[in-house]
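Please keep the sequence and the three-dimensional view at hand while reading.

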Amino acid sequence: MFSDRLRLAQLVVLRVTSATVRRLNLNPLTRWRLSGPVADELLIAPQDLTTADPTLANDLYAGYFSFGGHTVNCQGISPFDVETSAPDWHAALHSFGWLKHLRAADTGVAKTQARVLVDDWIRMNGSYNAATWQVDLTSKRIIAWLCHSPLLLEGCDHTFYRRFMKSLTRQVRFLRLVAKEAPAGMPRLRVAIALAYAAICISGHQSFVKNSMRRLDKELSGQILPDGGHVSRNPRAILDVMALLLPLRQAIIARDVAPGDAMMGAIDRMMPMLRFFRLGDGNFGHFNGMSETPADLLATVLAYDDNATETMLNAPHSGYQRLFAGRTVALVDCGKLPPQPVSGDIHAGCLSFEMSSGTERIVINCGRPGQNALGPDNALWLKLARTTAAHSTLSLNEQSSCRFVQNERVDQLLGTPVLSGPDKVEVNRQLEEGAATVTATHNGYVRPFGLKHQRSLSLAVDGTVLTGRDTLLTSRGKPVESKNKHVFHIRFHLHPLVAAVSSSSRIVELKLASGERWLFSCQGVDANVEESVALSDVFGAKPCLQIVLQGLVGEDSVIDWAFQRLS
């Protein structure tokens, strides 16, 4: 469509312009701006909240570097001399997050190994290098070096100390030069956080504190929504941001610096959202780029919540609704598309839901694999994971409610943003006699088919019954009366540990791992049990089942269904 091509052209121009500005800022004639006085010392080392495994230090010492599902045996050479076709491995290596494992080992060998590796990086990448000085990589590296500076600097010789401080200072100058041209969303926010870390931690940078706090406040105000969600709508983003902001807040307090109002407000808003996104098993729902939940990191961040209150049920700015009663929880995606520059993780899962009973999940979305979790076919799986069919919702003619970039070269440049999709989602939440009902309508199928999808979900007061109704409406919101050739599919992907057996054409019996039993029933169409897959950045792909309802629009335009607990 012309409008999609226009949006694509605008995104390409924006990205190319930003890249050109970065290159101009760092061309050989102007790289002198990375030089200057070297800071004398580090004043404080923020805490790294991510979980460390001291046993992995032995692997690193032996030359085995495993990142992003890819392992490299360096065989006695520096890992920075290794050539690999795995971009995630390269990014993880040069971001230095693995320093935490060496620090956790707390041995003289680990300290020596850490210094040798950092010294290797400085020797080979100390001057600007487009591949290893990418904006997001540099931000992560600065944060890692600052957090683990005690590991690197305690007891080191003066020569290494000066090389380290010189390289760190140059990288911070680089970030200040390119901060405005950093990609929108998390990369730009991480730049602001890294610069705030540097201003607080490095001596002689006091003059940058106010500017850094102001930059960070500006990014947080634009990216953290009023309800505490992130503008990208990816639940993982708020956990990653909190894991960086909480240590920064502690360092700011220790340095007796006034924290920015926007930063403190963002922390206060995001903490309840961490609880909002949790299902009964304690993990986040699989929405818009979210895969496996790092349970250890989530528990660590939640331990900082001194004002834990009842979990909120409505996140209108982020576009999510939560139903909770008895032992049952349901999370519903009711959000419109985020701004295109931050839509690289968005999925075509509008009006999809996930459901749990007690600590067991029943209905899921397929999730998202890691970058290298599924080998050569991983890129294909990543695309399939974003389709509507990979979500527990309705699709029309097996097409997605969003239109994605289909050009591989443009994908590499832009990071697979969404061109168009649901930009209007009407949501109504009601409480009748204690039972909560959420009704939402999206327009993602208006342009290709002239139809809207409406879904109502209602959870009984005791949590034993979740009833749903899927309705197809005309673009004007009227019921579809005339029969046509459009085919709809309504999918309910089931957790890998849920067994499903059809007891009749419209009834499916579900058995959970604990022995708990549920009954799925529907009206108007048959319910078929088919194969599906659950995707993960940890486990790759696991086989599971799905319940599929299929019919013709106009003939079956209102479909009622229900999940009922039996025991």
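Predicted model: local features only at pLDDT ≥ 70, side-chain atom pairs only at ≥ 80, totals over all residues.

Residues are numbered from 1 along each chain as its sequence is written, and side-chain values use heavy atoms, with hydrogens and water left out.

The sheet is considered first. Eight strands form an open sheet with antiparallel pairing, in the order β11-β12-β13-β14-β21-β18-β17-β16. Strands here are DSSP runs of E of at least two residues, and helices are runs of H or I of at least four residues, numbered from the N terminus; two strands pair if DSSP finds at least two bridges between them. At the edges stand β11 (425-432) and β16 (499-504), each of which pairs on one side only. From one strand to the next, the twist averages 15°, with axes taken as lines fitted to C-alpha atoms and angles running from 0 to 180 degrees between N-to-C directions. Within this sheet, β17 (residues 507-511) and β18 (residues 517-522) are joined by five bridges in the antiparallel sense. Leu510 has Trp518 in β18 as its bridge partner.

Side chains of opposite charge can pair when their charged atoms come close. The whole structure contains 15 salt bridges, each defined as a side-chain nitrogen of Lys or Arg within 4 Å of a carboxyl oxygen of Asp or Glu. In one of them, Arg327 and Glu516 meet at 2.8 Å, N to O. This pair links distant parts of the chain, 189 residues apart: Arg327 lies in the loop between β4 (320-325) and β5 (328-333), and Glu516 in the loop between β17 and β18. Arg327 is partly exposed at 43% relative accessibility, whereas Glu516 is buried at 9%. Buried means under 20% relative accessible area, exposed over 50%, and partly exposed in between, with a 1.4 Å probe and protein chains only.

Another salt bridge joins Asp136 to Arg190, with the closest N and O atoms 2.7 Å apart. Asp136 belongs to helix α6 (residues 135-147) and Arg190 to helix α9 (residues 186-201), 54 residues apart. Asp136 is partly exposed, with a relative accessible area of 21%, and Arg190 is buried, at 12%. Together with Lys140, these two residues are linked in a network of salt bridges. Glu354 and Arg361 also form a salt bridge, at 2.6 Å from N to O, and both are buried.

Arg361 leads on to the second largest pocket, where Arg361 is among the residues nearest the centre, along with Asp281, Glu292, His495 and Pro496. On a 1 Å grid over the protein atoms alone, a pocket is an open set of points with protein on both sides within 12 Å along at least five of seven lines, a cavity is a set where a 1.4 Å probe fits but cannot get out, and lining residues have an atom within 4 Å of a point. The second largest pocket holds about 430 Å³ of space, a volume being the space filled by probe spheres set on grid points joined across faces, edges and corners.

Finally, the structure holds three cavities of 30 Å³ or more. The largest has a volume of about 60 Å³, and 13 residues line this cavity, with Gly335, Leu337, His347, Cys350 and Pro422 closest to its centre.
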